[in-house]
Amino acid sequence: MSESRAPRILVLNGPNLNLLGTREPDIYGHETLSDVQELCARTAAAAGYETEFLQSNHEGVLIDAIHAARGNVAGIVFNPGAFTHTSVALADAIAGVELPVVEVHISNVHKREAFRHHSYISPVAAAIIVGAGVNGYALGVQQLIQLDTRG
Ligand code: CA2
């Protein structure tokens, strides 16, 4: 008898988030992307889920990861970084895969420069978590699990 795999959630991070915890702590805090990875894995494991984690500085790599997620994960926690404010292509990729995506921003983008107030991702996101620090990723994981298990 084959054992079934735990359901999975993809945690995707866009450009410059590899620098998390190394600069601008007043905006983004002191925790690193490895800390975020551990937080997501721990939060998912508490509900019997696993996480896949990817950060890329390249728009096409992020688009390919969204396409590859189709049929393989319950949903995507996505911090698109500055591509949030520029990328129709990422919005189209999300719309194309029909997976729930929770858009996460560590900082409260609405308290910052006007160019950060518009998101191409929000209209195709299932939920948006803004300004909760890195805990926003854990909230995103929990929300996707809730959507997956309770419809
Ligand atoms: O608040 C967020 O999570 C953002 O998505 C972060 C992006 C920014 O362009 C968005 O407007 C809001 C920037 C990510 C860069 O991350 C760094 C972290 C530490 C040091 C330098 C950059």
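**Entry 1: T84**

I started at T84, which sits in the loop between β3 (75-79) and α4 (88-97). The model I am reading is predicted. Is T84 buried or exposed? Its relative accessibility is 0%, so T84 counts as buried; the cut-off for buried is under 20%. Next I looked up what T84 touches beyond its neighbours within four places in sequence. I found contacts with E103, H105, H118, S119, Y120 and I121.

**Entry 2: the ligand**

H105 turned up again when I moved to the ligand. I noted 17 residues around the ligand. Which of them come nearest? They are N79, H85, H105, I106 and S107.

In the side chain of N79, an N or O atom is 2.8 Å from an oxygen atom of the ligand. For H105, I read 2.9 Å between a polar side-chain atom and an oxygen atom of the ligand. R116 also has a side-chain N or O atom 2.9 Å from a ligand oxygen. How much of the ligand does the protein bury? Taken alone, the ligand exposes 510 Å², and the protein buries 96% of that.

**Entry 3: helix α2**

I checked the length of α2 next. This helix covers residues 33-45, which is 13 residues. At 1.5 Å a residue it should span 18 Å, and its end C-alpha atoms are 18 Å apart, so the two agree.

Which residues of α2 are buried? I listed L33, V36, L39, C40, T43 and A44. Seen down the helix axis, the buried residues fall within an arc of 125°, so they line one face of α2. On the face turned away from the buried side, I found the exposed residues E38 and R42.

What do the buried residues of α2 pack against? I noted β1 (8-13), β2 (50-55) and α5 (135-150).

**Entry 4: helix α5**

The 16 residues of α5 should span 22 Å at 1.5 Å a residue. Its end C-alpha atoms are 22 Å apart, which agrees.

The buried residues of α5 are G136, Y137, A138, G140, V141, L144 and I145. What covers them? I found that the cover includes α2 and the strands β1, β3, β4 (101-105) and β5 (127-130).

Notes: Residues numbered from 1 in each chain as written. Predicted model: local features only at pLDDT ≥ 70, side-chain atom pairs only at ≥ 80, totals over all residues. Heavy atoms only, no water. Helix = DSSP H or I, 4+ residues; strand = E, 2+ residues; numbered from the N terminus. Expected span 1.5 Å × (residues − 1). Buried < 20%, exposed > 50% of the residue type's maximum accessible area, 1.4 Å probe, protein only. Arc of directions from axis to C-beta. Contact = heavy atoms within 4.5 Å. Near = heavy atom within 4 Å. Polar contact = N/O pair within 3.5 Å; in protein donor to acceptor, adjacent residues only side chain to side chain. Areas by Shrake-Rupley, 256 points an atom, 1.4 Å probe, with all protein chains shown as cover.
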